[in-house]
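What follows is a walk through one structure, from a single side-chain arrangement to the sheet, the helices and the packing between them.

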Amino acid sequence: MQFPFSSSLPVAMALSALLLLAGCVHPITMITETAPARSQAHLIPKKVAYVMTDADRDLEVITPGGSGDRVSYYPYRDLEKSIRDALRAVYRDVVVLRTAGDAKANEAAGVSLVFSPRIKTDSSSSSWISWPPTSFTAEVSCVVTDAAGAEVTRVRAVGNGTAEFGEFKGDFGLAARRAATRLTSQLSSELRRNEKLR
């Protein structure tokens, strides 16, 4: 006797195995509420801008988690606050632009410097039983131009964050947010240190 669909059973089993191997993708967020201290008395009296397009904000990234799973997030959307907070800790006025190259608009707005950030991220986990990443790295590299579009300098900052399984308590993006907090602090330090940005 031949059972119906018996020939498709191995195919179905193979597909199921592939899905299990591929793992699931879980959304997390990198947004942090922590910001560097902002002292009005020590702010550089300049108006600066950072460039962030809608396409940047809509860019989704998927990196490894634990137990064969992965995590998804929107690095530009999530780290925009971190970039803005780092700039606000150093400069008197900070605005956002859709493009860096509009010299007339920059001049009219009184913008002195324009920061164009590029973001890289990565994650991993030491756990075989849970999916949240226990290690996360976020890096931002900025080309800085004057209002006319001429390059002034470049700055780079990196934040690393770790979290153990017992710390998560439902806060599955904990390592990512810790990385974002350290990134913000390092970026503001790099801005203050760079003589070309005064």
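Arg-77 lies over the face of Tyr-74, at 4.2 Å from the ring centre. The model that shows this arrangement is a predicted one.

The sheet comes next. It is open and built from 5 strands in the order S5-S2-S6-S7-S8, with mixed pairing. Strand S5 (91–97) and strand S8 (151–162) stand at the edges with a single partner strand each, so one side of each has no neighbour in the sheet. On average, and with direction ignored, neighbouring strands are turned by 25° against each other. Strand S2, residues 44–51, runs parallel to S5 and is joined to it by 6 bridges. Val-51 stands opposite Leu-97 of S5.

Helix H3 (residues 75–88) lies across S2, S5, strand S6 (113–124) and strand S7 (135–146), and runs at about 130° to S6. Helix H5 (residues 174–193) also packs on the sheet, where it touches S6, S7 and S8. The direction of H5 makes about 150° with that of S8.

In soluble globular proteins, nonpolar side chains tend to be buried together. Here the largest nonpolar core has 39 residues. Those with the most contacts inside this core are Leu-87, Tyr-91, Phe-115, Phe-136, Val-140, Leu-191 and Leu-197. At least two core residues come from each of S2, strand S4 (70–73), H3, S5, S6, S7, S8 and H5. H5 supplies the largest share, 8 residues. For Val-140, leaving aside neighbours within four places in sequence, the contacts are Ile-83, Pro-117, Arg-118, Ile-119, Val-155, Arg-156, Ala-157, Leu-183 and Leu-187. Another core, of 5 residues, lies apart from the largest one. Val-51 and Leu-97, which stand opposite each other, are among its members, as are Val-111 and Val-114.

Aromatic rings remain to be considered. The count comes to 3 aromatic pairs. One of them is formed by Trp-131 and Phe-172, a tilted pair with 4.8 Å centre to centre and 50° between the planes. Trp-131 lies in the loop between S6 and S7, and Phe-172 in the loop between S8 and H5, so the pair ties together parts that are 41 residues apart in sequence. Trp-131 is buried, with a relative accessible area of 17%, whereas Phe-172 is partly exposed, at 35%.

Notes. Residues numbered from 1 in each chain as written. Predicted model: local features only at pLDDT ≥ 70, side-chain atom pairs only at ≥ 80, totals over all residues. Heavy atoms only, no water. Pairing = 2+ DSSP bridges. Helix = DSSP H or I, 4+ residues; strand = E, 2+ residues; numbered from the N terminus. Axes fitted to C-alpha atoms, helices over the stretch in contact; angles between N-to-C directions. Contact = heavy atoms within 4.5 Å. Core = buried A, V, L, I, M, F, W, Y, C linked by side-chain atoms within 4.5 Å. Buried < 20%, exposed > 50% of the residue type's maximum accessible area, 1.4 Å probe, protein only. Phe/Tyr/Trp six-rings, centres within 6.5 Å; stacked < 30°, edge-to-face > 60°. Lys NZ or Arg CZ within 6 Å of the ring centre and 35° of its normal.
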